[in-house]
Amino acid sequence: MKKFLMLILIFAVQKTFSQKENMKICKTPKIHEAINNDKNKIYIPIELEIKPEFPGGIVKFHKFITDNYKKSNKKPTLQGKLFATFIIEKDGTLSDIKIVQDIGFGTGDELIRILKLSAKWKPGKQKNKEVRTLYSLVFTIPQ
């Protein structure tokens with residue numbers, strides 16, 4: 001009986017304090033419409049007609065990173081994966097480089113250093129205009 005009364009009390013409180021159906025609806029423009037009209041919108045590659053590309057392709061990009069990556073002297077046997085994100089700007093430069101998952105001992109800082117050295121990319125295009133693109137990278141530390 002106590003459980004039944006408690007259940008009725010919960011429903012009554014919920015009904016009392018819930019929003020009313022006749023509340024005013026906000027007439028401001030929707031947030032996603034404002035973002036879609038923004039010239040600096042950041043796209044993800046799946047949304048684009050033409051995806052961004054490193055000069056020579058993704059294989060050359062991974063080779064560039066592997067060739068230039070210097071392991072820490074503190075842990076030369078360190079192995080693992082680093083996850084990073086960055087934005088490919090309209091002019092092909094990389095910005096807002098972030099290490100999402102780092103294994104420590106300066107591995108993330110080293111990956112950021114290499115990405116800053118990267119050549120300019122061919123930017124992604126949407127409706128025949130160059131756009132900013134968010135790119136994700138998984139890098140396995142070479143043995």
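User: Strands are DSSP runs (E) of at least two residues, numbered from the N terminus; in which strand of this predicted model is the place of Arg132?

Analyst: Ile42, in strand β1 (residues 42–43), stands opposite Arg132, and these two strands run parallel, joined by 2 bridges. The strand that holds Arg132 is β5.

User: Is Arg132 buried or exposed?

Analyst: Leaving aside neighbours within four places in sequence, Arg132 is in contact with Asn40, Lys41, Ile42, Tyr43, Ile87, Ile88, Glu89 and Lys90, and its side chain reaches the backbone oxygen of Asn40 at 3.2 Å. The relative accessible area of Arg132 is 17%, and because the cut-off for burial is under 20%, Arg132 counts as buried.

User: Over how many bridges do β2 and β5 pair?

Analyst: Within β5, Thr133 is the bridge partner of Ile88, while Val131 has Gly124 standing opposite. Gly124 lies in β4 (residues 124–126), which runs antiparallel to β5 and is joined to it by 3 bridges. The pairing of β2 with β5 is likewise antiparallel, and its bridges number 8.

User: Over which residues is the pLDDT below 50?

Analyst: The mean pLDDT of the protein chain is 82, and 74% of its residues reach 70 or more. Where pLDDT is low, the predicted coordinates should not be read in detail. The stretch with pLDDT below 50, which has 1 contact beyond near neighbours in sequence, is residues 22–35.

Notes. Residues numbered from 1 in each chain as written. Predicted model: local features only at pLDDT ≥ 70, side-chain atom pairs only at ≥ 80, totals over all residues. Heavy atoms only, no water. pLDDT = per-residue confidence, 0-100. Contact = heavy atoms within 4.5 Å. Helix = DSSP H or I, 4+ residues; strand = E, 2+ residues; numbered from the N terminus. Buried < 20%, exposed > 50% of the residue type's maximum accessible area, 1.4 Å probe, protein only. Polar contact = N/O pair within 3.5 Å; in protein donor to acceptor, adjacent residues only side chain to side chain. Pairing = 2+ DSSP bridges.
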